[in-house]
Amino acid sequence: MATLTSSRTVAIGGHSIEFGPRGMRRCADGFESAPYTQFEVRPVTPYIGAEIHGVDLRDPSAEMIEELRRALLEWKVVFFRDQKITGAQHRDFARHWGELEVHPLLPQGEVPEVVHFERGEDNPGTENIWHVDVTWQKRPPLGSVLRALEVPPAGGDTLWADMGNAYDCLSDEVKEKIEGRVAIHDFVPSFGRSMGPEKLAAMKEQFPPVEHPIVRIHPETGRRTLFVNSLFTTHIPDMDPAESEPLLRHLFDQAKVPDFQCRFRWQPDSIAFWDNRATQHYAASDYFPHRRVMERVAILGDVPA
């Protein structure tokens, strides 16, 4: 796949601003794209996100699952429309990818593996921050399957960022600085804010902070991806805070670059399936006071390396 590497940098108001084409690629070097025979793939952008048409997720064949596995690795997030499935069928589809998570802090749906998100006038959305799911555990999810039950008349989109391109487009100086380093991930700055002292103490004992590499190697594609996020990553332990904090802010900001992103407009019975090892996501909370009801199943992943 051809790449563009002729971006320009100018100084404006004391800040360096980059613009123009970026050195981006959809897949890791060596990935061989092949036609899909079980369904139609309609890219949302050239690098991340594709709608999958011509599938019924209630009873997928083994051949379809294998092609969906390849599509997920190639596009990082795939979307399905008009999938009228139950919570049990939602769970069973996700099980094709591995063991499922039972989230310790979020409300369950009709089956334990299904997390239920119900937002509205009395419970506004709070997922409008770039993040990777559950990086405060040793084995963050491989991926998540999110289903729309009820959507607002406008707004409530979800965005995903390609963290492989986010890493690739860092300067050589920053890449050298973060090479081989780890960062700390902790649930306390987010989930912990709403807990009483006793519950917080119990949860901290059960889920202490964990270390993950700042740059992880995707276990299936071999691609290097930026693996820090502003919701759960707190600091770089072997670096002075005066250096660590601005460096992390710079890394967090990579997810905010529109060139690395795709955006999905939800409809009832739409489904998004994303690779949690390769992306960050952001749920726009621009629909208040309307309702938005979603359910999610997460697939357990490996220990990042």
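I opened with the hairpin of E3 and E4, where 6 residues lie between the strands and Gly 49 adopts a positive phi near 95°. A reminder to myself: this is a predicted model. I then looked at how the two strands pair. E3 (residues 40-43) and E4 (residues 50-53) run antiparallel and are joined by 4 bridges. I picked out Val 41 and found its bridge partner in E4 to be Ile 52.

Next, the largest pocket. I read off about 770 Å³ of space in it. Its lining has 33 residues, and I noted Arg 119, Thr 126, Glu 127, Phe 191 and Leu 231 as the closest to the centre. Which strands each supply at least two residues of this lining? I listed E6 (114-119), E13 (233-235), E16 (279-283) and E17 (292-300). E6 gives the largest share, with 4 residues.

Together with E14 and E8 it forms an open sheet of 3 strands, in the order E14-E8-E16, with antiparallel pairing. Why is one side of E14 (261-264) and of E16 left without a neighbour in the sheet? Both strands stand at the edges and have a single partner strand each, so one side of each has no neighbour there. I also wrote down the twist, which averages 20° from one strand to the next.

Last, I checked the pairing of E8 (residues 158-162) with E14: 4 bridges, in the antiparallel sense. Here I found Trp 160 opposite Cys 262 of E14.

How values were computed
Residues are numbered from 1 along each chain as its sequence is written. This is a predicted model: local features need pLDDT of at least 70, side-chain atom pairs count only at pLDDT 80 or more; totals for chains, interfaces and linings use all residues. Side-chain values use heavy atoms; hydrogens and water are left out. Two strands pair if DSSP finds at least two bridges between them. On a 1 Å grid over the protein atoms alone, a cavity is a set of points where a 1.4 Å probe fits but cannot get out, and a pocket is an open set with protein on both sides within 12 Å along at least five of seven lines; lining residues have an atom within 4 Å of a point. Grid points are joined across faces, edges and corners, and a volume is the space filled by probe spheres set on the points. Axes are lines fitted to C-alpha atoms, for helices over the stretch in contact, and angles run from 0 to 180 degrees between N-to-C directions.
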